[in-house]
Amino acid sequence: MNTPPPLFVDLYELTMAQVYYDRNMTSEAVFELTARSLPEGWDYLIAAGLERALNFLESLRFGDDEIDHLSTLPQFDAGLLHQLREFRFSGDVWAPPEGTPVYEHEPLIQVIAPLPEAQIVETAMINQIAYPTLVASKAARAVDAAAGHPVIEFGGRRAHGSEAAIEASRATYIAGFDATSSVEAGRRYGIPVTGTMAHSFVLASDSEGDAFDAFVSRYPGTTLLVDTYGSEPGVSNAIKTAKRFGPGSVGAIRLDSGDFRSEAWQARVKLDTVGLQDVRIVVSGGLDEYQIAELVAANAPIDIFACGTSIVAPPDASTLDTAYKLVEYDGRPVRKLSVGKPSFAARKQVWRQDDHDFIGRWDQPPESPREPLLRQMIANGERTDASHDSLDAIRRRASEGRTSRRVDLADSLID
């Protein structure tokens, strides 16, 4: 699995580390990555991205190339370069298992290590967890809205970079999507892949009917994209192809534009009238959970929803409001009091109750606590058995218990 390069750090993480080492400030620190708030209208998040974050921590090394580059920068002396050459993450990590529904203020990851080690990995922890969590959460909302209809992802071309696209495919699969168009995501993670043709195949052919015939003859049971020249003639041509090649030759038609509700009804009537009740209808084109919910509520005869841009680059939540903050150093709870961006002191644990979550100090569980949410994923720099869930297990976890919950903070975190 690809992980960020060792110098995927912000400069201030290294300058702080140098001063920490200079001042012998290497006692144990606790940093927590949390979402300070959820995007408007969102009820929950789906924790994702932990796998890559843990791999980064376990494998982080600064080799000759990195040390040579840092030696050219005026901020660093030989002392820091020596520390980095010997760097190994030696701490502990606790987190909710991937796929867990989580809420505001709950740690998405908790890093416990000597202060310089925990500080240096700040950028990587935010980067590796916040975006997959964003996409998984958005995708889960689409799955909820689809009310049992399959949902597939093909947002790779709209994601912000190739690695982001591949991780988005993994995140949507965790959330309950059924397949991805990304061949690399399929290879890397074993996610089912899907896809048929683009408008260019139709445009390059002598006619739409010729394009459909050619594709069905090569891929029986395929999905035909029917709106290149308008859905009405497209559906008619798909019907002709289906009749020419016989039962099962056309598995579905896809509508990629227009008024999906009315065009899906028109297509369904035409298909059913000629005995093609088994041909499914797929819709795509900027779909998000709100449009899906409207189509489901209207009983539009749509079998599969295909989502891309609005899931991998959500217009209503371009990023999560996350922060990686020091909450404890050398056994002393610390708290940021900045206006609008306060943090909550002390190392925390989350206890999930029947209808709410309780966030309290690690050493002060509530009365009759349930099973704690955060589990140890790295111990003394090495991954634990708890950190090696299969993707299918993570996917199953994501489907359970995602709902709106009240979150209570212990008074001791605020006082």
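## Helices α1 and α4

In this predicted model, helix α1 (residues 11-22) packs against helix α4 (residues 78-85), with the two axes 10 Å apart and at an angle of about 100°. That angle falls between 65 and 115 degrees, so α1 and α4 count as roughly perpendicular to each other. On the α1 side, the contact is made by Leu14, Ala17, Gln18 and Tyr21, and they meet Leu80, Gln83 and Leu84 of α4. Sort the residues of this contact by type and you get five nonpolar, two polar and no charged.

Asparagine 24 sits in the loop between α1 and β1 (28-37). Its phi is near 60°, a positive value in a residue other than glycine. Asparagine 24 has 59% relative accessibility, so it counts as exposed.

## Helices α7 and α15

Now for another helix pair. Helix α7 (residues 162-175) and helix α15 (residues 391-398) have axes that come within 7 Å and cross at roughly 55°, and α7 and α15 are therefore oblique to each other. From α7, the residues involved are Arg170, Tyr173 and Ile174, and they meet Leu391, Asp392, Ile394, Arg395 and Ala398 in α15. The contact of α7 with α15 divides into five nonpolar residues, no polar ones and three charged.

Helix α7 also holds glutamate 167. Is glutamate 167 buried or exposed? With a relative accessible area of 6%, under the 20% cut-off, glutamate 167 is buried. The side chain of glutamate 167 makes a polar contact with the side chain of tyrosine 189, at 2.5 Å. Setting aside neighbours within four places in sequence, glutamate 167 is in contact with Arg52, Arg188 and Tyr189.

## The nonpolar cores

The largest nonpolar core has 124 residues, and those with the most contacts inside it are Val93, Ile109, Met125, Ile253 and Phe305. Which helix gives the most to this core? Helix α6 (residues 122-146) does, with twelve residues. As a general background, nonpolar side chains in soluble globular proteins tend to be buried together.

Let's take a look at Met125. Leaving aside neighbours within four places in sequence, Met125 is in contact with Leu33, Ala53, Phe56, Leu57, Ile109, Val111 and Tyr324. One of these partners, Ile109, is also among the residues with the most contacts inside the largest core.

Valine 135 lies in helix α6. Its relative accessibility is 0%, so valine 135 counts as buried. What does valine 135 touch, not counting residues up to four places away in sequence? The list is Ala168, Ala171, Thr172, Ile311 and Val312. Compare isoleucine 112: valine 135 is 23 residues from isoleucine 112 in sequence, and the two are 27 Å apart in space, C-alpha to C-alpha.

Serine 310 has its place in helix α14 (residues 309-312). Serine 310 is buried too, with a relative accessible area of 8%. The side chain of serine 310 reaches the backbone oxygen of glycine 286 at 3.3 Å. Not counting residues up to four places away in sequence, serine 310 touches Lys138, Gly286, Leu287, Asp288 and Pro315.

## Histidine 105

Histidine 105 lies in the loop between β4 (101-102) and β5 (109-114). Here phi is near 75°, another positive value in a residue other than glycine.

## The overall picture

Stepping back, the protein has 15 helices and 18 strands. Its C-alpha atoms fill a box of roughly 80 × 55 × 40 Å, taken along the principal axes. Of the 415 residues in the protein, 53% are buried.

How about contacts along the chain? Among contacts in the protein with a separation of 6 or more, 74% come from residues 24 or more positions apart.

Notes:
Residues are numbered from 1 along each chain as its sequence is written. This is a predicted model: local features need pLDDT of at least 70, side-chain atom pairs count only at pLDDT 80 or more; totals for chains, interfaces and linings use all residues. Side-chain values use heavy atoms; hydrogens and water are left out. A nonpolar core is a set of buried Ala, Val, Leu, Ile, Met, Phe, Trp, Tyr and Cys residues joined through side-chain atoms within 4.5 Å. Buried means under 20% relative accessible area, exposed over 50%, partly exposed in between (1.4 Å probe, protein chains only). Helices (H or I, at least four residues) and strands (E, at least two) are DSSP runs, numbered from the N terminus. Contact means heavy atoms within 4.5 Å. A polar contact is a pair of N or O atoms within 3.5 Å; within protein, one must be able to donate a hydrogen and the other to accept it, and residues adjacent in sequence count only if both atoms are side-chain atoms. Axes are lines fitted to C-alpha atoms, for helices over the stretch in contact, and angles run from 0 to 180 degrees between N-to-C directions. Angles under 35 degrees count as roughly parallel, over 145 as roughly antiparallel, 65 to 115 as roughly perpendicular and the rest as oblique. Ala, Val, Leu, Ile, Met, Phe, Trp, Tyr, Cys and Pro count as nonpolar, Asp, Glu, Lys and Arg as charged, and the others, Gly among them, as polar.
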